[in-house]
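Reader: I would like a close look at a single part of this model, followed by an account of how the rest is put together.

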Amino acid sequence: MIEIQNLDKTYKGNVQALRDVNLTIGTNMFGLLGANGAGKTTLMRIIAGLLRPTHGHIQVFGHDLSTAKGKQAAKAFLGYLPQELGLYPALTAREFLDYVAILKAITNREMRRHQIESALEKVRLTDVADRRLKTYSGGMRRRVGIAQALLGDPKLLIVDEPTAGLDPEERVRLRNLLSDMAQTRTIILSTHIVEDISQSCNDLAVLDEGRVLFRGSPKDLITQARGQVWHITVANGERPDNGLLTVSTLQLQDSVQYRVLGQPNSRYNPIPTEPSLEDGYLWLMHSARV
Amino acid sequence: MITEWVQAAAIARNEFRMQWRRRALLVITLAMLLVAVAPVLMLKNELDEDQKLSEKVENLSSRGLMSFVFIPVGAVLAMVLPFIMADAIPKDKQLGVRELLDSTPLTTGTYLLGKMLGSWLSVLVSLLAVILPVGAAWWWLIGKFDVTYVEPWLIGMIPMMVINMGLAVLITAGQPDSRRAIPIIVAFFVLLPAVIGFSPNGDWRDAFNPLRPGLFFHYTDTLRPNPAQMSVEAGTSSAQIRLLSVELTIISGLAQLGLVWLVVWRWMQRAK
């Protein structure tokens with residue numbers, strides 16, 4: 001269980017990254033949604049014990065992160081995949097994982113070997129594990145990052161944009177892997193890809209300018225946009241009203257079909273449509289800004 | 001405690017592996033080897049089989065080995081290798097690995113110790129990779145030499161390696177990348193010695209000079225015909241003065257290393 005109370009973070013130059021964040025996160029997969037710069041990575045880094053908050057308290061499985069002892073104890077059961085993952089290009093994937101495993105205090109050689117092989121298997125890198133990391137593609141590097149986060153069988157897994165750079169097949173595999181793991185542990189998934197959340201989380205928060213704008217289930221977020229989603233078709237060259245939020249555009253033979261949020265003029269003959277999680281998110285952000 | 005040692009050993013092994021897989025250390029080691037092998041080949045052509053057996057040649061051989069091989073190797077150790085070791089910590093930040101390392105239960109002290117052990121191990125292997133084959137080649141091609149001559153060199157070089165490589169790793173710890181680490185090394189290992197200067201007879205300057213002249217002069221004195229007969233000042237031979245200078249250099253070097261360690265450790269703890 002992670003408890004966050006009245007969390008503020010202000011960077012140098014008075015840049016306020018988080019404002020009065022209060023969250024309780026239990027076992028299962030928790031999604032963090034938000035635009036770039038919303039404060040997601042700052043919040044993840046604070047939970048991972050990499051950054052000190054300016055104000056507020058945070059407890060990870062009963063360990064107070066404001067103390068060095070608590071931080072050290074919390075890191076013992078943490079798996080972390082940073083947004084911008086760095087690797088040593090001169091090492092092979094197996095050597096790198098072995099290195100991280102030792103730093104995670106897995107000192108038993110046999111146990112380490114078993115966990116490394118299992119992690120490599122999960123991210124499908126076993127065949128290329130003895131190749132130097134400098135020869136890996138972006139997606140493969142991301143998978144190495146995921147593999148290292150899985151080492152040590154962490155009770156808390158923090159993954160920041162894990163699907164960035166992965167192909168669709170790998171994305172689905174990773175989502176399934178995380179969902180399986182979430183049954184017995186806490187996973188915090190930060191992303192701006194709404195689909196990743198809709199497919200794997202049953203609890204989420206939306207951050208905007210450092211504030212928690214929404215907290216609830218994906219279903220609740222979808223409900224926010226109910227009655228606001230429409231399909232309208234206009235002639236080529238014409239655009240819908242300025243007041244409408246365009247979600248998608250589909251070019252037809254002699255017209256354009258728009259999926260819009262808001263209340264369109266009846267002259268468009270709007271067709272009401274079932275909202276998706278993306279609609280709910282966009283409507284929430286739109287409403288907050290208006 | 002065992003976990004910390006295993007972690008430090010893993011960092012050292014990783015550092016050693018990366019230093020050797022990158023080209024810089026390998027190139028420097030090969031260059032040192034080339035410089036050290038050249039006099040062997042030149043001398044070999046000038047001596048015939050009978051000459052090789054004479055005692056005079058053994059003496060000459062010993063001095064030649066010490067002068068042509070160990071002095072340039074020592075100079076590289078003092079002035080070039082700190083540049084190679086300077087990015088041990090900045091490299092982690094530059095590559096973006098540091099955030100990952102900080103998310104593990106690794107303590108700052110273990111991290112620093114591992115990095116220093118790695119730099120010592122890398123340099124030690126580099127020195128051995130030069131000295132052992134050159135010594136063997138010398139013995140085989142030129143003739144046997146007095147092995148005890150190696151002792152003063154080791155007395156000088158091992159502490160220099162420990163102190164200077166350790167300092168190179170620590171004083172650059174706050175830099176975000178290798179490029180920013182280099183000026184720090186230039187300032188410490190090139191400009192500072194120029195400011196402090198050398199003392200011909202061994203005084204306090206030897207203790208603070210990062211090139212550790214006390215260790216060098218002790219070694220070069222050994223090469224002279226008979227150190228005990230050298231100029232005597234107030235009842236103490238210069239060899240004895242040199243030995244005092246060696247002890248002073250080592251003690252003050254280790255004290256500098258300890259002090260810098262403490263400052264860097266505290267700074268990194270606060271930054272966490």
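Predicted model: local features only at pLDDT ≥ 70, side-chain atom pairs only at ≥ 80, totals over all residues.

In which strand of chain A is A:Q257 found?

Author: A:Q257 is found in strand 13 of chain A, which covers residues 255-261. With a relative accessibility of 25%, A:Q257 counts as partly exposed, because the buried class is kept for values under 20% and the exposed class for values over 50%. Setting aside the neighbours within four places in sequence, A:Q257 is in contact with A:H231, A:I232 and A:T233, and also with A:S248, A:T249, A:L250 and A:L252. For one of these, A:H231, the separation along the chain is 26 residues, while the C-alpha atoms of A:Q257 and A:H231 are 6.8 Å apart.

To place this residue in its chain, one may turn to the domain assignment, which gives chain A a domain 1 spanning 2-217 and a domain 2 spanning 227-274. The centres of domain 1 and domain 2 of chain A, taken over C-alpha atoms, are separated by 39 Å. Chain A as a whole holds nine helices and 14 strands, and its C-alpha atoms fill a box of roughly 70 × 45 × 35 Å along the principal axes. Of its 290 residues, 51% count as buried. Among the contacts in chain A between residues at least 6 apart in sequence, 65% join residues at least 24 apart.

Two helices of chain A show how such elements are packed. The axes of helix 3 (residues 93-103) and helix 5 of chain A come within 10 Å and cross at roughly 30°, and helix 3 of chain A is therefore roughly parallel to helix 5 of chain A, since angles under 35 degrees are counted in that way. The contact is made by A:A93, A:F96, A:L97 and A:V100 on the side of helix 3 of chain A, and by A:V144, A:A147 and A:Q148 on the side of helix 5 of chain A. The crossing of helix 3 and helix 5 of chain A is right-handed.

B:K91 forms a salt bridge with B:E15, with 3.0 Å between the closest N and O atoms; because B:K91 lies in helix 6 (residues 90-95) of chain B and B:E15 in helix 1 (residues 2-21) of chain B, the pair ties together parts that are 76 residues apart in sequence. Both B:K91 and B:E15 are buried. B:K115 forms a salt bridge with B:D92, the closest N and O atoms being 3.1 Å apart, and this pair links helix 8 (residues 108-141) of chain B, which holds B:K115, with helix 6 of chain B, which holds B:D92, across 23 residues. B:K115 is buried, with a relative accessible area of 0%, and B:D92 likewise counts as buried at 0%. Over all chains, the count comes to 26 salt bridges.

Methods. Residues numbered from 1 in each chain as written. Chains lettered and ligands numbered in written order. Heavy atoms only, no water. Salt bridge = Lys/Arg side-chain N within 4 Å of Asp/Glu carboxyl O. Helix = DSSP H or I, 4+ residues; strand = E, 2+ residues; numbered from the N terminus. Buried < 20%, exposed > 50% of the residue type's maximum accessible area, 1.4 Å probe, protein only. Domains from an automatic or database assignment. Axes fitted to C-alpha atoms, helices over the stretch in contact; angles between N-to-C directions. Parallel < 35°, antiparallel > 145°, perpendicular 65-115°, else oblique. Left-handed = near helix turned anticlockwise from the far one by under 90°. Contact = heavy atoms within 4.5 Å.
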